[in-house]
Amino acid sequence: MKKRFYFCNFDKFSTRKIAVIYLAKLIFNLNVLTLNLFIMKNFFTNHVNKRGFYSIIKISLLLNFLLLSFYINLYSQDETSSIGDRENIGIFGGPAYDLSFVYGNNRLFAAVQSPGTLFYTDDTCTTWVSAFPFDSLEYEFGTRGWGGGASHVLTNIKGWVAVRTNQPESQLSSSVISFEKGNNNTFQTAIDPFMLEQITSDNSPVSAIGLSEHYMYIGLGKYLVRINDTTTFGSNIIVARVDTIPGGNNNSVIQSIAVSNDVTGYPIYLVISSSQYADDGKLYKYDGTYFNLILSFPANYNVNTVFTHTGQITGDTTFISCKNISTNVIDIFRTLNGGIFWLPVTPLAGAPYHLTDADYSPDWVLFMQNSNGLRLSFPSGLISDDLGDTWLQAPLSDYRIATHPIGLDLIAGSKYYGVVVSYYGIYGPYEDVNNICFTAINVNKIAESMDVFYIATDAGLAYSTEYYNLSITGFEQWQPPYGDFPIPNVGNEMGVTSVAIDPYDSLHVIAGYSNGFNVTFNGPYDFIPVTPPNWNTSGHLDPFVTDIIFITSDTIVAVTGFKFKELQVPSGIPIGNIWLSVNGGINWSIVTPTGPDVFEQGNCLNKGYIVGPYAVIYAGAGYLGGTSPSVQGALWKSLDNGLTWYKENDGPLAGSNYLPIYDIDVNPYNPDVIYLAADQAFAVSNNGGSSYFITSVPNNTGSFTSVLIDPLYPDTISAGAGRNIYKYDVISDEYDLKFQGMPGEFIPDLENGSVMAGTSTGAHKISEAPRYYLDITIFLEGPYNGPEMGTQLNSNGYLPLSQPYNTPPWNYTGTESVSSIPNSDIVDWVLIELRETAGDSSSATADKRFNRQAAFLLKNGSVVGTNGSSDPRFNFVVAEDLYGVIYNHNHILVMSADALSLNSETFGWNFTTGANQAYGGLTGHKEIATGVWGMASGDGDGDGQVTNGDKIDVWSVQTGSSGYYNGDFSLNGQVDNVDKNDYWIPNSGFGTPVSTQW
């Protein structure tokens, strides 16, 4: 039985709530306007009726509280879609971006920037548990969720755990809180952009969080919000908008928050920058009434972060991390009197990064009397226990540290390969622990030969001889005596970026990293380092070995570049080479072509055999984005076992860019047939790369990064794009979505072995979702003229070419579109929704939704895919009964009265044959002709009810218009009195009994 988890006990929308939303927004805007006018007045005048002013403040904050509380209790969490499944094969580790112990139960939390987001351990880092269930990482189908990575985790003496999560370059961000020490089922959304938008019409992402013993403060762009355990501390409120203060603007962003420990919640220190990506932060102190710009530190500094002593009620002891405007040098300043005077406390060796932590425990006070129990720390392991007067260097060099809240001897620190522990205080020694189930590790390459697997990761190299042994699974297969991870003395602190196994000898292995190669002829414990003499000195830099391929046991080819890594290299310096070894990897020479075409940014290699002794070898190159200049993509080729190379073609063209080629696979029976994962395109060449065919596979979740031919069925290809794995059929040029990963996840490599995926959360065995078809028949009342429906929208050219359900209330983000309407019999677009439940139809509520797809409706009632003829195709894992819901943009939605019937691989349902074919019978379905049943027309706003709003707000506004309009209840392309008189009036008061998202 597949389990669903819901951690947010929020109410669902009802129809009445929609009216309340608009009223609430109006009240909110009025009271915010009033509050801001009074705040502005007090900035520019010294005389004010304080009694009246505070009355207004209290009324405004009370209204804010009522509205914010209303919305927090209004919106619920929906689960992510269930497409395929995964089994982590047991390679664990990776860096924690932030660490924090919980006072009281000593639980250690780790925030990670991979999509796993948040983990905790109760046994000093030996085993880890994912704090959030999978379904919480994305809900509302990508518009809301806790996924994409966590950048900050904070705890306090009360045992609260506060987390800031975000997916880079996306609106998916949130602030999450547990008031119960992070125990299971206690995390809930504090506030996110979606909740903010409902009360402000602004959906700014979460930009900062702060925590005291009484309140959690969240910055969402220009908004400052206060959240707390209302059973103890009272109201939640929107505190302020920083665009109203002097120097603020509509793009202002709160980028750092420090909160005093006073029960009032004030003062608060805020770093505010002029826009989302500006590096011009200014420091403000807010006392609940006034924002005061602090200018008492040197004027040539911009502030990045601010910290205060959480053990102090007044918040007078405060630290800021600043950057010198002219030199970019980072400095730390301290105040002991609330910002009146600042003292520089930068470490003598200089601040390597911005200050990241100011941790406090009452149990530290005895041992840190000079700081009253406060410990400052940098990511590099620098700490201070005396308010920055002196700094100590811990033997750590990567991310954050956390000190046990009871005893100073236990220290947890984050390194590139996982969390390490010292039992002897800050100086260590630090012990490596297994970090079981800590899936913050990035996999770069998977290699297999003779049932032996090697996996290159950012945390080192793993191997196993027992991957196929069903009695040895998970973590054990990568540990002695069956394997090892990480293998000693392979790679460096930047990990291992590529690996290849001799196909004729599994003891012969070559691993690539940032300083060349590690080579063994005798298995995993005899690797020797090989750095070629001209490494990084040939005129082209060699940042990472990105791929390696054996041509024979002696002849090996490798390429260098960045691929998915980032380094900052000045423009004009070429990056990447082609390397050749003819003695098994001991010696290497550069075979990079010198002209007229220049090889740069090598990403991948593959080969296919032609007649004779030589292999045709392909190399993909190019680089887009990141911190260094882009390099146009190119396909390179060698016909003499890698000795000489020529440019076969540019990469596939998209706009003005020749796309970088990140992965190549070659048909085992024809070396001229190749498949390319090329950033925005999944391409095929049937002539050795001379030309490309861009397949129909979409890249809507990210760049194409990996490709894999099924060795048993070479016309079936797996392609990784962002978080998705597609299965592509060469003959039909059709694809299925077989697996969907977590938000923010990507798939650098695919390998055979029940399809193995190397991802940014570890290595996984993928269980692909099976394919199903939906055979649905349904009529719409509006266009029905017996025995079929009219197609006037189609014949008049009014049907949109892209699915129209990407607006409220549907908020469907699918990318279904066509270049032209494929069938003259098409009536309209419909939206299919699938719900899964173990109960009867009454339990198929909106929270059971797990998949949606936009499709076409034919005049005979058949629902078809975007090709205009075949049944819609879905890929999903189903363990319970399946119910189908059909939406149209101005008809009352319906749901199947019973579970969809399954015949072979087709789920079917006919809504037209009777009232009881739809859930609710007569209350949700309409007889549109004698013995014929259909969806009732007149629901112009799509809320599931035919009300005055459909006439006043939709039909009246659109009447007289021609085209694709929601007020066109007859779907004939004209909004006129017929729509009102023949459809809206007879159906007024009609509504669906089906549970909806709103």
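**Reading two open sheets**

Guide: In strand E67, the bridge partner of Asn-903 is Thr-906, where a strand is a DSSP run of E with at least two residues, numbered from the N terminus. This is a predicted model, in which local features need pLDDT of at least 70, side-chain atom pairs count only at pLDDT 80 or more, and totals for chains, interfaces and linings use all residues. Residues are numbered from 1 along each chain as its sequence is written, and side-chain values use heavy atoms, with hydrogens and water left out.

Visitor: In which sense do E66 and E67 pair, and over how many bridges?

Guide: Strands of a sheet pair through backbone hydrogen bonds, either parallel or antiparallel. Two strands count as paired if DSSP finds at least two bridges between them. Here E66 and strand E67 (residues 906-910) pair in the antiparallel sense over three bridges.

Visitor: What is the strand order of the open sheet with mixed pairing?

Guide: That open sheet has four strands in the order E63-E59-E67-E66. Its edge strands, each pairing on one side only, are E63 (873-875) and E66 (901-903). Neighbouring strands of this sheet are turned by 35° against each other on average, direction ignored, with axes being lines fitted to C-alpha atoms and angles running from 0 to 180 degrees between N-to-C directions.

Visitor: Which strands form the edges of the open sheet with antiparallel pairing?

Guide: In that four-stranded sheet, ordered E52-E53-E54-E55, the edge strands are E52 (704-709) and E55 (734-740). Its neighbouring strands are turned by 25° against each other on average, direction ignored.

Visitor: Which residue in E55 is the bridge partner of Tyr-728?

Guide: The partner is Tyr-735, and strand E54 (residues 724-729) pairs with E55 in the antiparallel sense over six bridges.
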